[in-house]
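Here is a friendly briefing to read alongside the model.

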Amino acid sequence: MVRVRFAPSPTGYLHVGGARTALYNYLFAKHHGGQFILRVEDTDLERSTDESMRMQIEDLKWLGINWDEGPHPETHADMGPYGPYRQSRRKEIYMQYAERLVESGRAYFDFRGDAELEAIKERLMKEGKPPQIEAPAEIVPPAEARARIARGEQAAIRYRVTEKRDYVLNDLVRGEVRFPSDMVGDFVCIRSNGMPVYNFCCVIDDALMKITHVLRAEEHLSNTLRQMMLYEAFDFPIPKFGHLSFILGPDKQKLSKRHGATSCHDFNLKGYLPEALNNFILLSGWSSPDGREILSREEQIKLFTHERFNPAPAVFDETKLLWMNSMYLRALPHDELWTRIEPFLKEAKIEIPQSKDPVWRDQALGAFKTSMQTLADAPKLFETVADSLFSVKPEAVEVKGWAETKKVWETWLQLLEAHPSEKVSEAEFGALQDKVKDLCGVKGKTLFQPIRVAVIGQPQGTELKILVPLLTKTSLINRVKTCLKEL
RNA sequence: GUCCCCAUCGUCUAGCGGCCUAGGACACUACCCUUUCACGGUAGAUACACCGGUUCAAAUCCGGUUGGGGACGCCA
């Protein structure tokens, strides 16, 4: 049984890099009919917050990445047989395992403080040696150490690296990677404040939670050596590792806030569809066997195998994301599309009474959706059919200056007033337009542009024969009157 | 500094020794469609970082160089 996990530390919104790690783990689990576990790595008391955990859970839900075990998506209560799933609540477990290490002599209590350790490192550097901490000449025996701690002293528990040899990792993404054991010094497992450290809880939890495959970011590659040492010390089975390459900004530096939007939440706000963001991040670091790029969740699960990981880092290209988003936007059924657009219209304070009519909505969406790349593009498109917002835009200044314009507008107004119905169909509009042409003796640009301005207040936009049926006769009359007042 | 990872069009990538005068996608350019914008269609330009080896044959394998990134925390 394949069991994988995503283990974010709750320090803000979910970053796209984290989202990709989550997605890959999720797809990998589902591809193999396995389980996907969410574990919260909140051992850094300084930076971790409950609020951040909530935000990350919301982002994961938004992306449609569901976990089988971990904090419940709504209540956040533990869900699954291997809890707790928040590391801050597993302190006793870690301590128990650390004690085992101490008992067997593979770890020791270290009473040295920051200043002393700093001095040791400095001395080693001066001697041209790597700044790696080793055990003090005299290790405090466990019993004595515990007594001192009971009296209020503080000590960390440090793993003692004794064996000198190469550790070989067979990475799912990178193949064989060799680490010499002297790459690391004795490392801390439990901080002197009693909190365990990442490398330690990670191993204990992955083992206890029966994790079989660890897909995580490349920055953890060198951590793997320490973790392998711990796996061996506890005689735990070692999972398969896969170290994913980074997602970079356009300057090839690790993607960060200064590159603009980097969290899923940012992209949500910018009007991206979760399906599109999902599909996009899927493709930075992995490729489908047949080269197809737009893949449904089902196809993603079916095709997702580790052989197709790319070990090279990928630059995040928002332009392509934009394209992908427009593809997903268009593929969405209209009522679904509408529910996603509505919040953006509301935000922009655009009110369209006609939009209560599903037939109208269907027509309008059909007219506008090919012009949208993100949901945030909707307001400026729908604005043109919102009566309360009609005005003659600055772009229309040239058209206003034309000699023919006044005549065209007046004729257009007369014809509209004579129109028998509130509705103006596409065919009727065509006839009306032809009549204006005949009556004014104006054609081409000088005919069409003034009419367009009379309809939407600007000389550029969607085809008039599609736009006009979205408006009423009354509305069209009011609009052209507003235009005439401007002359 | 030491160790580790990485290197194909501007970007995401295909390629796992001959099928490569290197394929696809986004972006770009031109043309077509079109009263405008967008959509759509067609065509085009653009890449194997460098130097050595191995081989009949190298984008592909091996060294090195360069460049980029990461780790060296009582951060994760």
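**The largest cavity**

Arg 106, Tyr 159, Arg 160, Val 161, Thr 162, Glu 163, Tyr 167, Met 229, Glu 232 and Ala 233 line the largest cavity; lining residues have an atom within 4 Å of a point on a 1 Å grid over the protein atoms alone, and a cavity is a set of such points where a 1.4 Å probe fits but cannot get out. This is a predicted model, where local features need pLDDT of at least 70, side-chain atom pairs count only at pLDDT 80 or more, and totals for chains, interfaces and linings use all residues. Residues are numbered from 1 along each chain as its sequence is written, and side-chain values use heavy atoms, leaving out hydrogens and water.

**Cavity details**

- The largest cavity holds about 80 Å³ of space.
- Helix H7 (residues 223-234) gives the largest share of this lining, three residues.
- By class, the lining has five nonpolar, one polar and four charged residues.

**Surface near RNA strand B**

- Thr 43, Arg 174, Arg 191, Gln 253 and Glu 293 come nearest among the 56 residues around RNA strand B, where near means a heavy atom within 4 Å.
- This surface has 19 nonpolar, 17 polar and 20 charged residues.
- H11 supplies its largest share, four residues.

**Contacts with RNA strand B**

- A side-chain N or O atom of Arg 191 is 2.3 Å from a phosphate oxygen of RNA strand B.
- For Asp 44, a side-chain N or O atom is 2.7 Å from a sugar or linking oxygen of RNA strand B.
- Leu 283 uses a backbone N or O atom, 2.8 Å from a sugar or linking oxygen of RNA strand B.

Terms used
Chains lettered and ligands numbered in written order. 1 Å grid on protein atoms, 1.4 Å probe; cavity = no way out; pocket = protein on both sides within 12 Å on 5 of 7 lines; lining within 4 Å. Points joined across faces, edges and corners; volume = space filled by probe spheres on them. Helix = DSSP H or I, 4+ residues; strand = E, 2+ residues; numbered from the N terminus. Nonpolar A, V, L, I, M, F, W, Y, C, P; charged D, E, K, R; others polar. Polar contact = N/O pair within 3.5 Å; in protein donor to acceptor, adjacent residues only side chain to side chain.
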